[in-house]
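Open your viewer and follow along. Each stop tells you what to select and what is there.

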Amino acid sequence: MSKPQEIVPVEKSDLVGIVAELFAEGYRLVQIGCTTLPEAYELTYSFDREYRFRNLRFAVTKGEEVPSISVIYPNAFLYENEIHDLFGVVITHIAVDYRGTLYRTAVGTPFSIDNVKLTEAPKQKAAVPEEKPSAVPGEQTG
Amino acid sequence: MGWFRRSPWVLHYNATSCNGCDIELIASLTPLYDLERFGIMNTGNPKHADILAVTGSVNEKSRQVVQTLYDQMPNPKVVVAVGICATSGCVFQDCYNVLGGVDKVLPVDVYIPGCAARPEAIIDGVLKACDILEEKYAQWKKMRRQ
Amino acid sequence: MAHRNIIPFGPQHPVLPEPIHFDLVTEDERIIDAIPSISYVHRGLERLIEKRDFLDFVHVADRICGLCSFMHSLGYCQAVEEIMGIEVPERALYLRSIWAELSRVHSHLFWLGVAADAFGFESLFMQALRLREPVLDIFEETTGARVILGVCKIGGVRRDIDDDSLKGIVIRLANLKAALEELGNVFINDYSVRHRLSGVGFISRDDAYALGCVGPMARASGLEIDMRKLGYAAYKYLDVEPAVETAGDCYARCLVRVREIFHSIDLVRQAAGKIPPGPIDVKVTGAPDGEYYSRVEQPRGEVIHYVKGNGAKFLQRFRVRVPTFSNIPAMIKVLKGAEVADVPNIILTLDPCISCTER
C-alpha cells in the first residue's frame with residue numbers, strides 16, 4: 001500500500017486564489033471531479049506537476065454557486081460544464097458556457113442528490129435487488 | 001439474379017458502442033477477414049448505403065442520428081445490429097441514458113451476437129443481411145410493377 | 001471581410017469511427033472557431049455502481065472502451081486494491097504489464113491505420129490492420145477474447161501465461177517487428193505522408209501544458225508526461241522511456257506513436273525475461289472503505305479512475321477521466337487557424353476515443 005494521496009480541504013472562497021497560485025507554480029489541471037454526498041456535493045480539483053498529485057476539496061450544498069476557474073485554466077470549461085450538466089451544481093462565469101447542452105441525457109442532472117441512491121455504510125446489503133447479468137458475453141470462463 | 005450480391009455497401013454508425021464492435025467491424029473489412037471479397041464496401045455516405053450496421057445501444061441523443069441516417073438511405077435497406085449492446089443493451093441496459101437495443105428505434109433484420117462481436121460472426125451476419133436485401137429488392141420490384 | 005460560414009462536422013462522418021460533432025466556424029477555407037458537442041455516446045455507466053457490486057463492476061470497467069479495455073479494468077482494479085490494501089502477487093503485476101503493452105501496440109496500430117485512411121492512403125490502412133492481427137491472436141490465445149479481454153480482476157488476473165507461451169510471444173513479436181519497421185518506415189519517410197502531416201496542427205509546448213494535454217499529444221510537443229514513470233503494475237521493474245518529440249505537429253504525433261509501438265514490444269520482451277514464478281491472484285475479502293485516484297497510462301494518455309467506497313459492497317462513487325476528455329481543449333486550439341481540408345487529419349492525430357470520453 002502506497003502513501004495516502006494529498007487531498008487538501010479548502011474553503012470555497014479561497015478556491016480561485018489557491019488555484020491561481022498553483023498555476024503560477026506550474027501545476028497542470030488534471031481533472032475536476034464531483035461526488036454526490038447524502039446532503040451535498042463534494043468537488044475535487046486535481047493538479048499535477050512532475051508526477052506530484054495534489055487535490056483541493058470542498059463541499060457545496062444544493063443550489064450553492066461555485067466560481068469557475070476557467071479564467072486561470074482554460075481547459076476547466078469542459079469539466080465545469082460536465083459537473084453542471086450531470087450534477088446540477090451551479091458554476092458561474094465559465095469561459096465557454098454550454099448552459100446545459102453539453103450532455104443531453106434522458107434524465108435531467110442524473111447525478112444530483114435526488115437521483116443518486118447511495119448505499120448505507122457499512123456491511124449492510126443494499127436494498128436494490130441484485131441483478132446478475134446472465135453470462136456476460138465475450139468473456140470466457142470465470 | 002441478384003445483382004445486390006455483387007456489391008452492397010455498408011454504412012456504419014456507432015450509437016453508444018464501446019468501440020469494441022466498431023474495431024471488429026473494421027477488422028472484418030481488412031485483409032485477414034476481408035469482407036470486401038464479397039464486394040461489400042464500407043461507405044461514409046448514407047445515400048450510397050444499402051446496409052446500416054449499428055453498433056451499441058441507442059441513447060437519447062443518438063436515436064435521432066440513427067433515425068436520420070436510416071431515413072436518408074435509399075430503399076430497399078437492411079439494418080444489422082452488431083454486438084450484444086445493439087441487440088439488448090448488454091451490461092449497460094440498466095444505465096439511465098440507455099434506451100435499449102437498436103430495435104427500439106429501427107426495424108432490425110439481423111442481430112449479431114457477441115461482446116465484442118467476432119469478425120466471423122459479423123461476416124456471417126452481413127451475408128445474411130445481403131440475402132434479406134435481395135428478398136426485399138424482389139418484393140419492392142414486384143410492388144412497383146403493380 | 002470574408003464571409004463566415006458554419007460547417008457541421010460529424011457526428012457521422014466518413015473518417016470518424018466514432019461520433020463527435022464540431023461546429024466549425026470558417027472564413028473562406030480557414031477555421032476561426034470550433035465548438036465541440038459531445039454526448040452522442042453517453043451511457044451513464046458511472047452510476048452502474050448502484051446496480052453492480054464492486055467485484056462485478058470490473059466487467060463494466062472493461063467495457064468503458066474497446067480499444068483500451070484492459071487499461072480501464074487495470075486502473076479500476078488498482079484503485080480498489082489500493083483502498084483495500086491488497087498486495088497483488090508479482091507475477092500478476094508482470095502479466096498486467098504485458099497485456100497493457102500489447103494493448104498499446106494494437107491500439108497504436110489501429111490508430112496508424114485509421115489515420116492513414118483519413119489522409120487517403122488506403123493501402124497503408126490495410127497493411128496496418130493486417131499487422132495488428134498477430135497481436136490480437138496473442139490476446140485470443142492468452143485470454144480467450146480479441147478486444148474486450150476481461151482478464152483483470154481485483155486481486156490479480158484471471159489467467160496465467162506459461163513460460164513457453166511467453167517465449168513464443170516474444171519470438172512472434174520479434175518477427176512482427178521486422179514487418180512493423182517497414183510499416184513505420186512508410187509513416188516516417190513517405191513523401192505523401194510527410195506532405196499531409198508536417199506542419200499541420202501545431203501546438204506549442206507551453207500551450208500543450210496549459211491546456212492539460214496528456215499522452216502522445218503532450219509528448220509530441222516535448223512534454224515528458226508518462227504515467228508509467230509512476231511505477232504502477234510491473235513498470236517499476238522495467239526500463240520505461242517515454243518517446244518525446246518536439247515538433248508538436250501531426251507528423252510528430254505520428255512519430256511518437258510509431259516509436260511507442262517498438263518500445264512497447266521491447267517492454268514485453270523485458271517483462272517476459274524478468275517475470276517471477278508464483279501465484280497470479282489473492283483472495284479478496286471485505287469491501288473497499290476509502291477513496292483513491294488511480295492513474296494509468298493508456299495508449300491515449302493518462303487516465304484517472306476515482307473509486308470511493310464506504311465499506312459496503314456497492315461503491316459510493318466511481319469516476320473516470322479519460323485522456324481524450326483532457327485533450328479536447330487542445331483539439332479546439334489546434335483547429336483554430338487550420339484549413340478545412342486538414343480537419344480530419346488533425347482530429348484523428350489526437351486519437352479521439354469518444355466512447356470513453358462520454359462514458
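**Stop 1: chains C and A**

Select chain C and chain A together. About 5,000 Å² is buried between them, and carbon and sulfur atoms give 52% of that area. Buried area is the accessible area (1.4 Å probe) that two parts lose on being put together, summed over both. Now highlight Arg47(C), Tyr209(C) and Tyr293(C). Within chain C, these lose the most area to chain A, together 13% of what that side buries.

A note before you go on: this is a predicted model, where local features need pLDDT of at least 70, side-chain atom pairs count only at pLDDT 80 or more, and totals for chains, interfaces and linings use all residues. Residues are numbered from 1 along each chain as its sequence is written, chains are lettered from A and ligands numbered from 1 in the order in which they are written, and side-chain values use heavy atoms, with hydrogens and water left out.

How many residues of chain C are in contact with chain A? There are 60, and they meet 63 residues of chain A. Contact means heavy atoms within 4.5 Å.

**Stop 2: bridges across the interface**

Show the side chains of Glu82(A) and Arg319(C). They form a salt bridge, at 3.1 Å from N to O. A salt bridge is a side-chain nitrogen of Lys or Arg within 4 Å of a carboxyl oxygen of Asp or Glu. The count between chain C and chain A is four salt bridges.

**Stop 3**

Chain A has two helices and six strands. Helices (H or I, at least four residues) and strands (E, at least two) are DSSP runs, numbered from the N terminus. Along the sequence, the pattern is β-α-β-β-β-β-α-β. Of its 142 residues, 44% count as buried. Buried means under 20% relative accessible area, exposed over 50%, partly exposed in between (1.4 Å probe, protein chains only).

**Stop 3: Thr43(B)**

Move to chain B and select Thr43(B). This residue sits in strand 2 (residues 41-43). Is Thr43(B) buried or exposed? Thr43(B) is buried, because its relative accessible area is 11%. Its side chain reaches the backbone nitrogen of Asn45(B) at 3.1 Å. Leaving aside neighbours within four places in sequence, Thr43(B) is in contact with residues including Trp9(B), His12(B) and His48(B).

How values were computed. Polar contact = N/O pair within 3.5 Å; in protein donor to acceptor, adjacent residues only side chain to side chain.
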